[in-house]
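Please read them with the structure open.

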Amino acid sequence: MKEAVEAVSNADKIVVLTGAGMSVESGVAPFRGDDGLWNEYDPQEMASITAFERNSERCWELFKLQIKECFEADPHEGHKALVDLENFGLNSIITQNIDALHQEAGSTEVLEIHGTLDELVCPSCGRSEETEERYEEILDGEIPRCECGSIMRPNVVLFGEPLPEGVMKKARERTENCDLMMSIGTSAVVQPAASIPLMAKRSGAEVLEINIESTSLTDNITDYFLQGKAGEVLKEIRDALRE
Ligand code: OAD
């Protein structure tokens with residue numbers, strides 16, 4: 001911990017990559033592991049573009065569950081600690097999370113490379129709408145339709161779809177220019193997000209990893225591994241920096 005705090009304190013440009021483990025302490029289920037969503041749902045059947053095109057009603061079973069869980073969740077101490085880290089060099093958060101908890105906590109730059117549940121889009125006419133406007137209807141089990149009659153979908157990246165280009169471009173720029181990459185609560189198995197810490201390392205940055213267990217990054221590219229819950233570890237880092 002002492003060395004990791006020193007690394008944060010010495011860094012001028014810190015970029016953070018977060019995954020589902022960042023939101024677990026807010027009550028949002030991760031995808032993998034014992035309580036993971038993909039234990040219960042097959043992502044190819046429920047969260048892929050082909051599944052949505054074949055049977056969007058079925059995909060909405062999972063969207064509804066995710067929307068409810070994320071709308072009910074509040075940012076925890078770790079999200080708030082990341083806001084405070086902006087005073088210590090943090091300039092961007094690249095997140096795979098679709099729950100908008102970093103923005104809710106007050107982080108300035110959040111690059112949502114897997115999209116957001118906060119917005120619905122129409123796959124036919126491209127119209128978008130805030131999910132909040134349709135929240136009650138969705139919870140009642142209705143499937144939101146666009147004015148044009150098509151079934152809408154959350155503005156998230158489904159399996160088989162490319163990542164949003166502009167957001168990824170910015171994420172790459174931030175990554176290549178940072179001197180410390182903090183990888184928090186991600187299993188680092190889904191590409192291209194999983195390569196972001198490696199990209200940072202190749203550009204000369206150090207890698208600090210926070211996770212309750214080791215990942216494929218830990219023994220390969222991680223310089224500082226802090227094993228523990230994101231909220232608790234981040235709070236400890238923030239408090240140590242303030243001393
Ligand atoms: P995963 O569910 O794959 O991994 C969650 C990681 O968080 C694991 O490494 C856990 O050990 C760790 N973890 C769990 N609780 C934690 C806690 N309290 N503190 C710190 N770490 C904790 O989630 P992601 O890596 O985000 O993509 O998954 C990447 C992508 O796979 C997701 O964005 C999603 C999914 O399929 C799409 O849907 C496109």
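Predicted model: local features only at pLDDT ≥ 70, side-chain atom pairs only at ≥ 80, totals over all residues.

1. Glu 109 has a relative accessible area of 15%, so it counts as buried, the cut-off being under 20%.

2. Glu 109 is paired with Lys 170 in a salt bridge, with 3.6 Å between the closest N and O atoms. The two residues are 61 apart and link distant parts of the chain: Glu 109 sits in the loop between α7 (101-105) and β3 (110-112), and Lys 170 in helix α9 (residues 165-176). Lys 170 is partly exposed, at 36% relative accessible area.

3. The structure holds 17 salt bridges. Another of them joins Lys 235 and Asp 239 (3.3 Å, N to O). Both residues belong to helix α11 (residues 230-242), where they are four residues apart, about one turn of the helix. Asp 239 is partly exposed at 29% relative accessibility, and Lys 235 is partly exposed at 33%.

4. Asp 239 also forms a salt bridge with Arg 238, with the closest N and O atoms 2.9 Å apart. Arg 238 is buried, at 6% relative accessibility. Through shared partners, salt bridges join Glu 77, Asp 84, Lys 235, Arg 238, Asp 239 and Arg 242 into one network.

5. A negative surface patch is made up of Asp 74, Glu 104, Asp 118, Glu 130, Glu 132 and Glu 133. Of these, Glu 130 lies in strand β5 (residues 128-130) and is partly exposed, with a relative accessible area of 48%.

6. As for the whole chain, it has eleven helices and nine strands. Its radius of gyration is 18 Å, close to the 18 Å given by the globule rule for 243 residues, so the chain is as compact as a globular protein of that length. Of the 243 residues, 52% count as buried.

Note on methods: Residues numbered from 1 in each chain as written. Heavy atoms only, no water. Patch = residues over 30% accessible without salt bridge, like charges linked within 9 Å, V, L, I, M, F, W, Y side chains within 5 Å. Areas by Shrake-Rupley, 256 points an atom, 1.4 Å probe, with all protein chains shown as cover. Salt bridge = Lys/Arg side-chain N within 4 Å of Asp/Glu carboxyl O. Lys, Arg positive; Asp, Glu negative; His and termini not counted. Charge placed at Lys NZ, Arg CZ, Asp CG, Glu CD. Buried < 20%, exposed > 50% of the residue type's maximum accessible area, 1.4 Å probe, protein only. Rg over C-alpha atoms; globule rule 2.2 N^0.38 Å.
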